[in-house]
Amino acid sequence: MKVLVKGLLGAVALAGFSLPAYADTTLTIAVVNNPDMIRMKGLADDFTKANPDIKLNWVTLEENVLRQKMTTDVATKSGQYDIVQIGNYEEPIWAKKGWLVPLDKLGADYDIDDLLPAIRAALSYDGKLYAAPFYGESWMLMYRKDLMDKAGLKMPDKPTWDFIREAADKMTDKAAGVYGICLRGKPGWGENMAFLTSMANTNGARWFDEKWQPQLNSPEWKKTLDFYVSMMKADGPPGASSNGFNENLALFSDGKCGMWIDATVAASFVSDPKQSKVADKVGFALAPDAGLGDHGNWLWSWTLAVPTTSKHSDAAEKFISWATSKHYLDLVASKEGWARVPPGTRTSLYKNPDYLKAAPFAEMTLEAMNAADTTHPTVKPVPYTGGQFVGIPEFQGIGTDVGQDFSAAVAGAMSVDDALKKAQASTETAMKKAGYIK
C-alpha cells in the first residue's frame, strides 16, 4: 500500500501538479479602491488557478476608510483580515509594535534584491521586510500640453510654484468647464495633507522643530496655505475641498483640469486612451519647488502585509509573493501593455526597454523617487523622518485633524489664519498628551 501511495504521489509530481497545501483556506484581503488594486483583483484568477485550494475574499475601501479600519483591526487584534494594504508610514510603526508577520517566505524566485533600495529600506524593520511593495511613487506634475500652448507658455522641466500659479490663471476657462489646476482638498493625513506637507516642505516649513514644538503658526506654513487656498479658489474646480486622488483623476481624465500635481502612479492612468479623454495631450514634469532645494520628498508605497492575527499567514504570504512579483508585472503587460504595470518597485523594470518605450513617464518617476530623501525631508533640521508625513504614531490623528481645518479653508468655511491657529492648537494638545512636549 505504501508503495502504491508513493507511486501515485510520484505520478502527480511528474504530471506537474501539486497536492493541496491550504485545504479550504479563504484569505480576506483589504485593499484601497484605486485602479491598480481593482486591476489586481481582476487578474487574481491567475493566482487561484495555480492555487485552487486558496479562495480570495476581497474588501475594497476608500482610502481614508481603509486606513481607519486597518489600524483599528490590527491594533485591537480583531483578526478580520489576512492581508492588509498599508503604506510605508504604517509599516515601521506596526512592525515595531509586533503587529506584522515578517515576510521571509516569499520564495527563492522572488528576487528581493531587485526591489528599489529606497522602497526596500522604507519597508524594512531590523533588517527584515514586513510589507511587500505593490507599487511605489513620488509626486509629479501632469498637464495638458494643448492648454499650455493655448496659454502661450512652455512648461519647464523643473517648474516653480510661481510659474504654476501663472499657468493656472491663464488655463482656467470656467465657462468651458476647464479649471487651471486640480489638487487634493479632501481631508486626511494621506489625502490633502500628503500634498500640503510636500508643498510646505518645498517652502521651508516643518511640522515640528528640533524639540517637537509644533510649527504650524510659522511664516512658511502661512505662505504655503495662503498660496494653495488662493489658487484653488481662483483656478480650482467646484467642490475642491472634497476631492482626493480618485476624484482628481476622474476630473483630469475627463478634460476638466489644466494641471494636476499628485502621485506619479497616476501617469499611467491619465495617458491611457481607455481611461482618459486627454491621453494624447498629457505632458509630465517634476513637481514644483520654491528654489530652496529638493525637499518635496514625497515617497510612498502601497504595500501588502500580513497581520500577526491572521490564521493563514503562509497562504497570505504566498499570495503577496504572487501580487508583488516580476511574474505579476509580466502578467499585466501581457493583458494591458507595459505602460500599465505597477511602477516604482523593481530596479529591473527601469532597465526594461519595452517598459521605457511604452511609458514616457518612467524615467521622470524614477528621478522623482530617487530624489526623495525621507531621512532629511525639510530645509531646516527636524527630529522626524517621513517626507509627506511625519513618521510617528500620533501623526495619523494629528494629520487628519489638521487636514479638516485646511479643507475647511478651501471650502471658505474658515479663514487661512483661523485654520492655522486651530491646527497649531490641536497639534500642541496632541503632542502634550503624547508626552513629546510639556
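Analyst: Two strands pair if DSSP finds at least two bridges between them. Helices (H or I, at least four residues) and strands (E, at least two) are DSSP runs, numbered from the N terminus. This is a predicted model, in which local features need pLDDT of at least 70, side-chain atom pairs count only at pLDDT 80 or more, and totals for chains, interfaces and linings use all residues. Residues are numbered from 1 along each chain as its sequence is written, and side-chain values use heavy atoms, with hydrogens and water left out.

User: In strand 10, which residue is the bridge partner of Arg-144?

Analyst: Strand 7 covers residues 139-144 and pairs with strand 10 in the antiparallel sense, over 5 bridges. The bridge partner of Arg-144 in strand 10 is Val-282.

User: Which residues form a disulfide, and how many residues apart are they?

Analyst: A disulfide is a pair of cysteine sulfur atoms within 2.5 Å, and by this rule the count comes to 1 disulfide. The sulfur atoms of Cys-182 and Cys-257 are 2.0 Å apart. The pair links distant parts of the chain, with Cys-182 in strand 8 and Cys-257 in strand 9. The residues are Cys-182 and Cys-257, and they are 75 residues apart.

User: Is Cys-257 buried or exposed?

Analyst: Buried means under 20% relative accessible area, exposed over 50%, and partly exposed in between (1.4 Å probe, protein chains only). Cys-182 counts as buried because its relative accessibility is 0%. Cys-257 also has a relative accessible area of 0%, so Cys-257 is buried.

User: How many residues of helix 9 are buried, and what covers them?

Analyst: Helix 9 (residues 192-202) is mostly covered, with 11 of its 11 residues buried. Among the buried residues are Phe-195 and Met-199. The cover includes strand 7, helix 8, helix 10 (219-235), strand 9 and helix 17 (395-411).

User: Why do the buried residues of helix 2 line one face of the helix?

Analyst: The buried residues of helix 2 (residues 35-43) are Asp-36, Met-37, Arg-39, Met-40 and Leu-43. The arc is that of the directions from the helix axis to the C-beta atoms. Seen down the axis of helix 2, the buried residues line one face because they fall within an arc of 155 degrees.

User: How many residues does the largest nonpolar core have?

Analyst: A nonpolar core is a set of buried Ala, Val, Leu, Ile, Met, Phe, Trp, Tyr and Cys residues joined through side-chain atoms within 4.5 Å. Those with the most contacts inside the largest core include Met-40, Phe-195 and Phe-319. Not counting residues up to four places away in sequence, Phe-319 touches Met-40, Trp-58 and Leu-304, among others. The number of residues in the largest core is 145.

User: Which residue in strand 11 stands opposite Pro-133?

Analyst: Strand 6 (residues 132-137) is largely enclosed by the rest of the structure, because 6 of its 6 residues are buried. Strand 6 pairs with strand 11 (residues 300-305) in the antiparallel sense over 5 bridges. Opposite Pro-133 stands Thr-303.

User: How far apart in space are Asn-217 and Gln-424?

Analyst: Asn-217 is placed in the loop between helix 9 and helix 10. Its relative accessible area is 54%, so Asn-217 is exposed. Asn-217 and Gln-424 are 207 residues apart in sequence. In space, C-alpha to C-alpha, the distance is 6.1 Å.

Definitions and conventions. Contact = heavy atoms within 4.5 Å.
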